[in-house]
Amino acid sequence: MIAYVVVGLGLAGISFCEMLQKHHKSFLVYTDDSQSASMVAGGLYNPVILKRFSPVWQASQQLDMALPFYENLEKKLQCKLDYKIPVLRRFASLQEQNSWFEAADKSLLKSFLSTQLSTNNNPNIDAPHGFGAVRHTGRIATRKLILQYKDHLRREKCLREETFNFEALRLKPDHIQYKDIKAKHIVFATGFGLTQNPYFNYLPLQGSKGELLTIDAPDLKETSVIKSSVFSIPLGAHQYKIGATYQWADKTPAITVEAKEVLLNKLNTFVRCSYNVVAQEAGIRPTVSDRRPLVGRHPKYQQLYVLNGFGSRGVMIAPFAAHQLFQHIEKGLPLDSEMDVSRFNGKFPLV
């Protein structure tokens, strides 16, 4: 019997696998690549909600875990994953500048918002009111991470690349049986795929579709992330990822002309040079009605757990939430009450 089955290998699944390997727990991962949110994500870690100049939930705690987590993964996988990049918030008015200074004086934001405003020295960016700089920011190469980690698990012979079949899952008093595998616990880290999970589909996972563009802009020559009405994220080699849209009705993975037009119209409000669109991608973010993760044990079946609901902030939240879930399962430590799925036990069908 192994200790764990993990279903899903996005940022949530990888983070939990790392906890298992760190503590020498045996496990097997199932993935079918059906959920693409982590693969297409911009990968930013940014402790501030820049639309409202407010702190991300548990930002300091998340960063304290995330930064060494990705540093260790770089050593383990022997590849560059964490790119330290400044994030600059473009001000649309002097009033926004004043709001920035007011926010920077708040206790939860002091360490993240610079009070030294940045002037715009890039002739190909329109920013007459300058920028505010966010500290402790960067970009994780999420696609590279997932592909490299998958190779790692193949070498360890603990990866099965197939769709998980719920009809083959048998729940025993002290373990689960899945086909030829017996395990003490099973953790579902399947992103928006949770909606198809018969054990956890009572949870209010809404999902929001996001589309991103990749542009080639040799004249832009910008090394910082620019946040205006959209993000412009430098990838190197003159390429930038532009995003993202939020669409609540469409839950298909298909790219759309409408989203492309929205992104380009917003990009053109501040970029003043020519560029070519070289790629467009889409994914469904696992967003939750109360904007908190979904982490914890099933209310009826004690062997079943969920690690999900990270929305657009999986890079920061995943290591933090995975650590808490592991400690909860192995040591009985309480989860942060704001992300514990027990807050939705009233929605679980008793029959």
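Predicted model: local features only at pLDDT ≥ 70, side-chain atom pairs only at ≥ 80, totals over all residues.
**Exercise 1. Is Phe164 buried or exposed?**

Solution. Phe164 has 10% relative accessibility. Buried means under 20% relative accessible area, exposed over 50%, and partly exposed in between (1.4 Å probe, protein chains only). Phe164 therefore counts as buried.

Residues are numbered from 1 along each chain as its sequence is written, and side-chain values use heavy atoms, leaving out hydrogens and water.

**Exercise 2. Which kind of aromatic pair do Phe164 and Phe166 form?**

Solution. Start with the rule: rings of Phe, Tyr and Trp (its six-membered ring) pair if their centres lie within 6.5 Å; planes under 30 degrees apart are stacked, over 60 edge-to-face, and the rest tilted. Here the centres are 5.1 Å apart and the planes make 70°, giving an edge-to-face pair. Now widen the view: ring pairs link both residues into a cluster with others, including Tyr30 and Tyr301. The whole structure has 17 aromatic pairs.

**Exercise 3. Which residues have the most contacts inside the largest nonpolar core?**

Solution. First, such a core is a set of buried Ala, Val, Leu, Ile, Met, Phe, Trp, Tyr and Cys residues joined through side-chain atoms within 4.5 Å. The largest has 96 residues, and Phe16 and Leu307 have the most contacts inside it. Finally, a second, separate core of 20 residues includes Ile125 and Leu264.
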